[in-house]
Amino acid sequence: MSSTSTTTTTTTTNYSGGFRLGSREQQQPFGLADFEDYTFKPIRESEVNREMTSRYMTDLMDYAETDVVIVGAGSAGLSCAWELSKDPNIKIAIIEQSVSPGGGCWLGGQLFSAMVVRKPAHEFLKDVGVPYEEKENYVVVKHAALFTSTVLSKVLQRPNVKLFNATAVEDLIVKQGKVSGVVTNWALVTLTGHDTQSCMDPNVIESKVVVSGCGHDGPFGASGVKRLEAIKLVEGNKGMLSLDMNSAEDDVVKYTREVVPGMVVTGMEIAELDGAPRMGPTFGAMLISGQKAAYAVRASLERQRKETSSQGAGKVSA
């Protein structure tokens, strides 16, 4: 009978200069000179290809049908994903058109660093684990990127979440008045390909609920509610009003909801639908709107579950 021993690699600080790398049994000093002979383990280029391709294709197949699709990985979308993914039984796909998720919350206003969050939305920051400076009626995160990087990294570590970035949502799947998924394509195809190629057919993701958090109107903003208006599922978008921080934040949270069966709208996109004021560089409503959207999703999923159960019971009795 043979025994197998394992060695655990640890890293500890060596305050006399550098780090110590090695096993618990035998740690070796590590300093600047050691980088001269630093080499990586060998790998074949084809191995890298297979690792990336196999995982991505597996994800595409796995998420061809999911519980929830969140369109837009800005502050509202990521906040929704944070709250919703606490339930490991809810499967979530996040679709982000940009290569870099985060939307406009990598910075505060006018390219400044700090993020201002009005109370009591600072409780959400506590939940995520983002440090802040306390003020009387608000808190300040020293750099907006600290919030974005923290919530993004924690959301992506959860096993029930997959981010598809550099991916655009071109349309909605709608069946009998219910939004039932999204039509997707590579972002580069959506932004440039349709004007230069004869045909670039899309792909699809079916879902029970779609959350649209695409921001206020702009070249790529408010795409979800614009499409709802175009296909006459909503009567018309009122358009975002002029800036009023105090009214805007309250209204954005108030109006966040399931606007049509199967589609929840969150963040500044709801301002385009309902005519709420522009918010400006304060982020509390984005966080709480996203959180409320997660609760609206849970309510929609539960309603759909009951409807499916009721229909199944009706077929059995018939």
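Let me start with threonine 150, which touches Val128, Gly129 and Val130, leaving aside residues up to four places away in sequence; contact here means heavy atoms within 4.5 Å. Threonine 150 sits in helix α4. Helices (H or I, at least four residues) and strands (E, at least two) are DSSP runs, numbered from the N terminus. Threonine 150 is buried, at a relative accessible area of 14%. Buried means under 20% relative accessible area, exposed over 50%, and partly exposed in between, with a 1.4 Å probe and protein chains only.

Before going on: this is a predicted model, where local features need pLDDT of at least 70 and side-chain atom pairs count only at pLDDT 80 or more, while totals for chains, interfaces and linings use all residues. Residues are numbered from 1 along each chain as its sequence is written, and side-chain values use heavy atoms, with hydrogens and water left out.

Phenylalanine 147 leads us to the core. A nonpolar core is a set of buried Ala, Val, Leu, Ile, Met, Phe, Trp, Tyr and Cys residues joined through side-chain atoms within 4.5 Å. The largest one has 38 residues, of which Val68, Ile94 and Phe147 touch the most other members. Helix α9 (residues 284–317) gives the largest share of this core, six residues. A second, separate core has 30 residues, among them Val71 and Val260. Phenylalanine 147 has contacts that include Met115, Val141 and Leu287.

Met115 and Val141 take us to a sheet. Methionine 115 stands opposite valine 141 in β8. Three strands form this open sheet, in the order β6-β8-β7, with antiparallel pairing. Strands β6 (115–118) and β7 (133–134) are at the edges with a single partner strand each, so one side of each has no neighbour in the sheet. Two strands pair if DSSP finds at least two bridges between them, and four bridges join β6 to β8.

Next, charges. The structure holds 18 salt bridges, where a salt bridge is a side-chain nitrogen of Lys or Arg within 4 Å of a carboxyl oxygen of Asp or Glu. Arginine 118 and glutamate 249 form one, at 2.9 Å from N to O. Arginine 118 is in β6 and glutamate 249 in helix α7 (residues 245–255), so the pair ties together parts 131 residues apart in sequence. Is glutamate 249 buried or exposed? Glutamate 249 is buried, at 5%, whereas arginine 118 is partly exposed, at 25%.

Lysine 119 forms a salt bridge with glutamate 134, with the closest N and O atoms 2.4 Å apart. Lysine 119 is also joined to proline 120 by a cis peptide bond, with omega about 10°.

Finally, confidence. pLDDT is the predictor's confidence in each residue, from 0 to 100. The protein chain averages 89, and 86% of the residues score at least 70. Over residues 1–26, pLDDT stays under 50. Where pLDDT is low, the predicted coordinates should not be read in detail.
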